[in-house]
Amino acid sequence: MTPVPVAVLGSGGGTNLQALLDGLGDSGPARVARVIWSRADAAALERARRAGVPSVVLAAPSDPDELLAALGDARLAVLAGYLKRIPPAVVARFRWRLINIHPALLPGFGGPGMYGRRVHAAVLASGAAVSGATVHYVDDAYDNGAIIAQWPVPVHAGDTPESLAARVLAAEHRLLPSVVLELARQGAPERAVRLFANGRAFLAGDQGEIDIG
């Protein structure tokens, strides 16, 4: 089976990129084939260099032609802390093949401006007992696409946005590679896939359980 080439897009330090590099490896059903970043000073570019993965920094992230050229032959594109809006032409070209990870349980605590510390502060201000991570398809609105998988993270008494963020990020690092690998096993289908948590695994229809470690 030829690994599904995956493009990873981001704007920050790239810890989810690293989780994908570690989780996908070189011989599984998917591999990180290219890294696309919106900032030239991001530590993620060094992570890509160490892994031997080609990387590009976008000059104009809002330019669909530039982004499509950067995506190249990727069959699956993953937003991992990417803070720029994806142009509609790119969303249309990659329908059901463009996914994002969000540090809360959507549809709550998402939308424009909801990223990073702001998300976790909003969760704590709401009094919610559970937060978590969501992987979803990308459409033309922020954090609005169909949900693929979610993983819950309890909110503890005395939590700060930083302590909650650390636990949610650890869940992201397990969740995102697991979802990408399952989508690759299914051939990166151009249709919606939904995975449901079951203990420490996911149920994926007739595919059985997918362990997230």
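Is E46 buried, partly exposed or exposed? Hi everyone, let's start there. E46 has 34% relative accessibility, so it counts as partly exposed (buried is under 20% relative accessible area, exposed over 50%, partly exposed in between, with a 1.4 Å probe and protein chains only).

A quick word on the model. It is predicted, so local features need pLDDT of at least 70 and side-chain atom pairs count only at pLDDT 80 or more, while totals for chains, interfaces and linings use all residues. Residues are numbered from 1 along each chain as its sequence is written, and side-chain values use heavy atoms, leaving out hydrogens and water.

Back to E46. Together with R49 and R50, E46 belongs to a network of salt bridges (a side-chain nitrogen of Lys or Arg within 4 Å of a carboxyl oxygen of Asp or Glu). For R49 and E46, the closest N and O atoms are 2.5 Å apart; for R50 and E46, the N to O figure is 3.8 Å. R50 and E46 sit 4 residues apart in helix α2, about one turn (helices are DSSP runs of H or I, at least four residues, numbered from the N terminus). R49 is exposed at 54%, and R50 is exposed at 53%.

Now look at another salt bridge, D159 with R167, at 2.5 Å from N to O. Here D159 is buried at 15%, whereas R167 is partly exposed at 24%. The structure holds 8 salt bridges.

Terms used. Helix = DSSP H or I, 4+ residues; strand = E, 2+ residues; numbered from the N terminus.
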